[in-house]
Amino acid sequence: MVGIVIVSHSSKVAEGIKDLALQMAAPGQCIIAAGGMADGGIGTDAFKIKDAIIAAESGDGVAVIVDLGSAVLSAELAIEMLATDQVNAKIADAPILEGAIAAAVDASIAKPLENVIIAAESARDLRKL
Amino acid sequence: MRSLNMAIEALANIIIANKEKLTEIDAAIGDADHGINMARGFEAVRAKVAANTNDDIGAVLKMVGVTLISTVGGASGPLYGTAFMRAALAAQGKKTVDGELAEKMFAAAIAGIKERGKAVRGEKTMLDALEPAYDALTQGLASRKSLAECLEMASSAALAGVEYTKTIIATKGRASYLGERSLGHQDAGATSSYLMLTVLAEIAQNLGREE
């Protein structure tokens with residue numbers, strides 16, 4: 001199953017989104033929150049993201065769902081640092097909450113990484129009203 | 001090694017001393033965290049360098065880059081972190097810096113920032129200070145000036161770059177949400193880049209005097 005890593009500047013946001021996404025997940029599905037800094041501050045940490053990606057990789061790849069600005073830069077840097085490892089991680093250009101839930105649903109029915117990314121990115125067009 | 005540690009410490013000191021100023025600048029058009037983030041990062045750097053016994057410039061700059069990446073938190077973490085790590089690659093195994101190496105390290109750092117930030121000059125970012133500074137450095141070296149003189153020229157060019165950022169609209173980072181309202185304000189990242197260059201120029205001057 002595709003693993004999912006949630007990257008937010010806030011550890012609370014990342015944890016909360018992980019909890020919501022887990023409601024849609026299959027047993028044993030790996031969704032990891034990588035939010036905030038080691039000291040609890042607001043921000044993103046490429047090393048924390050890198051460790052989360054390694055933990056979420058079970059052989060089918062990892063979808064990385066990010067919030068704003070430095071979350072993208074830190075996630076890209078994390079993936080670059082993993083270039084020599086046996087890890088296939090991709091960043092979804094998606095709204096973080098809706099994207100994470102859409103990704104969790106597709107990953108739970110064993111879709112491949114490409115489809116999970118498309119599902120997350122399609123979430124931007126979800127109408128609420 | 002002593003002058004290497006002192007140089008890194010001086011970089012950390014100027015950022016930490018300007019924490020409030022950088023945050024104020026960022027508060028005007030950004031998310032008011034540049035000074036806080038950079039100071040947090042460089043406090044971690046200062047603590048690590050205090051215990052450093054390695055005299056390989058590459059190894060020490062890599063330590064600086066890794067520390068910034070894991071402690072800054074904002075976009076300047078991966079940006080400056082990448083810059084220091086790329087400069088580290090260029091300086092691997094080196095124990096002294098001459099003009100040629102300074103030019104190589106600076107070029108590598110700027111290339112890293114451009115790649116990571118997918119940015120070019122003119123978007124109201126640190127590149128608006130760094131690229132003119134690099135141009136000034138290469139011009140100085142080409143006309144056979146000393147490294148200290150070249151870094152002084154680079155630092156002046158960076159200051160002009162900071163002033164230039166007041167005249168342009170931000171298209172990258174949080175300030176880009178403000179559009180035209182970003183006019184009249186200088187960029188925080190360009191300012192922190194300028195501050196670091198002033199320190200490098202000062203260090204080169206002091207070392208030149210000792211010789």
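Reply: Gln205(B) counts as partly exposed, because 16 other C-beta atoms lie within 10 Å of its own. The scale behind that word runs like this: a residue is buried with 20 or more other C-beta atoms within 10 Å, exposed with 12 or fewer, and partly exposed in between, the C-beta atoms being placed from the backbone. Please keep in mind that this is a predicted model, in which local features need pLDDT of at least 70 and side-chain atom pairs count only at pLDDT 80 or more, while totals for chains, interfaces and linings use all residues. Residues are numbered from 1 along each chain as its sequence is written, and chains are lettered from A and ligands numbered from 1 in the order in which they are written.

Gln205(B) sits in helix α9 of chain B. Helices (H or I, at least four residues) and strands (E, at least two) are DSSP runs, numbered from the N terminus. From Gln205(B) to Glu115(B) there are 90 residues in sequence and 31 Å in space, C-alpha to C-alpha.

The largest nonpolar core of the model has 109 residues. Such a core is a set of buried Ala, Val, Leu, Ile, Met, Phe, Trp, Tyr and Cys residues joined through C-beta atoms within 7 Å. Helix α9 of chain B, residues 188–210, gives the most to this core, with 10 residues. The residues with the most contacts inside the core are Ile4(A), Val5(A), Ile6(A), Val64(A), Ile65(A) and Ala103(A).

Leaving out residues up to four places away in sequence, Ile4(A) touches Ala21(A), Ile31(A), Ala56(A), Ala63(A), Ile65(A), Ala100(A), Ala103(A), Ala104(A) and Ala107(A). Contact here means that the C-beta atoms of two residues, placed from the backbone, lie within 7 Å. Ala89(A) belongs to strand β4 (residues 89–92) of chain A, and Ala89(A) is buried because 23 other C-beta atoms lie within 10 Å. Again leaving out residues up to four places away in sequence, the contacts of Ala89(A) are Ile53(A), Gly61(A), Val62(A), Val64(A), Ile79(A) and Leu82(A).

Next, where the two chains meet. In chain B, 15 residues are in contact with 14 residues of chain A. On the chain B side, α4 (57–71), α5 (76–90) and α6 (99–117) each give two or more residues, and the largest share, 4 residues, comes from α5(B). That side holds 5 nonpolar, 8 polar and 2 charged residues, where Ala, Val, Leu, Ile, Met, Phe, Trp, Tyr, Cys and Pro count as nonpolar, Asp, Glu, Lys and Arg as charged, and the others, Gly among them, as polar.

Across this meeting place, helix α3 (residues 70–81) of chain A packs with α5(B) at an angle of about 40 degrees, their axes being 8 Å apart. The axes are lines fitted to C-alpha atoms, for helices over the stretch in contact, and angles run from 0 to 180 degrees between N-to-C directions. That makes α3(A) oblique to α5(B); angles under 35 degrees count as roughly parallel, over 145 as roughly antiparallel, 65 to 115 as roughly perpendicular and the rest as oblique. Ser70(A), Leu73(A), Ser74(A) and Leu77(A) meet Gly77(B), Pro78(B), Leu79(B) and Thr82(B) there, a set with 4 nonpolar, 4 polar and no charged residues.

Chain B also has helix pairs of its own. Helix α7 (residues 127–142) and helix α8 (residues 147–165) of chain B pack at about 150 degrees with axes 7 Å apart, so α7(B) is roughly antiparallel to α8(B). Their crossing is right-handed, and their contact has 16 nonpolar, 4 polar and 3 charged residues. Helices α1 (residues 2–17) and α3 (residues 34–50) of chain B cross at roughly 155 degrees, their axes coming within 9 Å, and they are therefore roughly antiparallel too. α1(B) passes α3(B) in a left-handed crossing: that is the word if the near helix is turned anticlockwise from the far one by less than a right angle, and right-handed if clockwise.
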